[in-house]
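Please read the briefing below alongside the sequence and the 3D structure. It is written for a reader new to both.

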Amino acid sequence: MPISEFLDPQLRGHPNPHPLSGYAHAPIPNRNPDWKPDLIQVVSESTLNAPEGSPVPFTTQNVTDTLQCRRPRYPMVKVNRINSRVCDIVVHRQIMCGICFETMAEYRNHLSAVHPGATISTGDDDALPEHWKNGTRALRKWVLSGGWRKADYDSEPFRGPVHSLLGEYCDFLEAHAQARQQIIRLAVRISLPSTFGLLVSKLADQKQSLPS
Ligand SMILES: [Zn+2]
Ligand SMILES: [Zn+2]
């Protein structure tokens with residue numbers, strides 16, 4: 001990964017949520033915490049084997065089916081499939097859920113089961129290259145600006161999902177001390193606000209003290 005990716009001047013003003021691609025990271029609001037889909041569950045092997053009385057989780061199909069006839073009161077927010085893969089849904093105040101997922105499919109299952117009224121995917125246009133561009137920019141900005149380091153979670157995600165863009169970006173900045181210095185120098189040269197450069201160096205110090 002070239003350092004230039006962290007020096008993209010467009011990072012500075014990059015919005016989260018993005019109007020086209022939605023949220024790439026926290027804080028993702030849940031505007032409909034009380035909305036639940038109808039549970040029209042086809043009896044499957046796993047539900048048959050579940051202990052009696054154990055709750056059956058909502059599936060993405062339950063959510064999709066229910067949305068055809070009964071929508072939550074407030075609009076659900078869009079989540080970019082290029083995201084942190086840490087559950088960044090706000091659960092109370094400014095505390096996010098924090099469970100980590102290795103795949104978007106697992107994250108989507110969790111969103112449907114636990115926060116069904118919160119989010120929709122970007123839908124059929126999920127694979128648009130713009131979503132990649134918008135998601136990666138938002139995540140790089142989040143890591144660079146210290147947002148990820150400072151985010152508060154119910155389940156502490158520590159370093160986040162093992163294989164993720166988030167991890168990749170943190171590792172990159174941690175592993176390349178020299179590159180980091182170069183980022184700071186260049187950041188000054190292209191006159192990013194000084195706090196931005198300062199945060200880069202803070203990130204470098206504090207990430208190293210996190211448990212691995
Ligand atoms: Zn969650
Ligand atoms: Zn993995």
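**Sheet, zinc site and a buried helix**

Three strands form an open sheet in the order β2-β3-β5, with mixed pairing; two strands pair if DSSP finds at least two bridges between them. The edge strands are β2 (90–92) and β5, each of which pairs on one side only. This is a predicted model, in which local features need pLDDT of at least 70 and side-chain atom pairs count only at pLDDT 80 or more, while totals for chains, interfaces and linings use all residues. Residues are numbered from 1 along each chain as its sequence is written, chains are lettered from A and ligands numbered from 1 in the order in which they are written, and side-chain values use heavy atoms, with hydrogens and water left out.

**Sheet**

- β3 and β5 run parallel and are joined by two bridges.
- Met96 is placed opposite Tyr153 in β5.
- In general, the strands of a sheet pair through backbone hydrogen bonds, either parallel or antiparallel.

**Whole chain**

- The protein chain has nine helices and five strands; helices (H or I, at least four residues) and strands (E, at least two) are DSSP runs, numbered from the N terminus.
- From the N terminus on, the order of elements is α-α-α-β-β-β-α-β-α-α-β-α-α-α.
- Of the 212 residues in the protein chain, 44% are buried, where buried means under 20% relative accessible area, exposed over 50% and partly exposed in between (1.4 Å probe, protein chains only).
- Among contacts in the protein chain with a separation of 6 or more, 74% are between residues 24 or more positions apart; contact means heavy atoms within 4.5 Å.

**Zinc ion**

- The zinc ion (ligand 2) has Glu102 (OE) and His163 (ND1) as its protein donors, at 1.9 to 2.2 Å.
- Donors are N, O and S atoms within 2.8 Å of the metal (3.2 Å for Na, K and Ca); water is not among the atoms, so sites may look incomplete.
- Glu102 is in the loop between β3 (95–96) and α4 (104–114), and His163 is in the loop between β5 (152–153) and α7 (165–175), so that the pair, 61 residues apart, links distant parts of the chain.
- Glu102 is partly exposed, at 35% relative accessible area, whereas His163 is exposed, at 58%.

**Helix α4**

- The buried residues in α4 are Met104, Tyr107, Arg108, His110, Leu111 and Ser112.
- These buried residues of α4 pack against α3 (60–69) and β4 (119–121).
- Ser112 lies in α4 and has a relative accessibility of 3%.
- Leaving aside residues up to four places away in sequence, Ser112 touches Phe58, Thr59, Thr60 and Val63.
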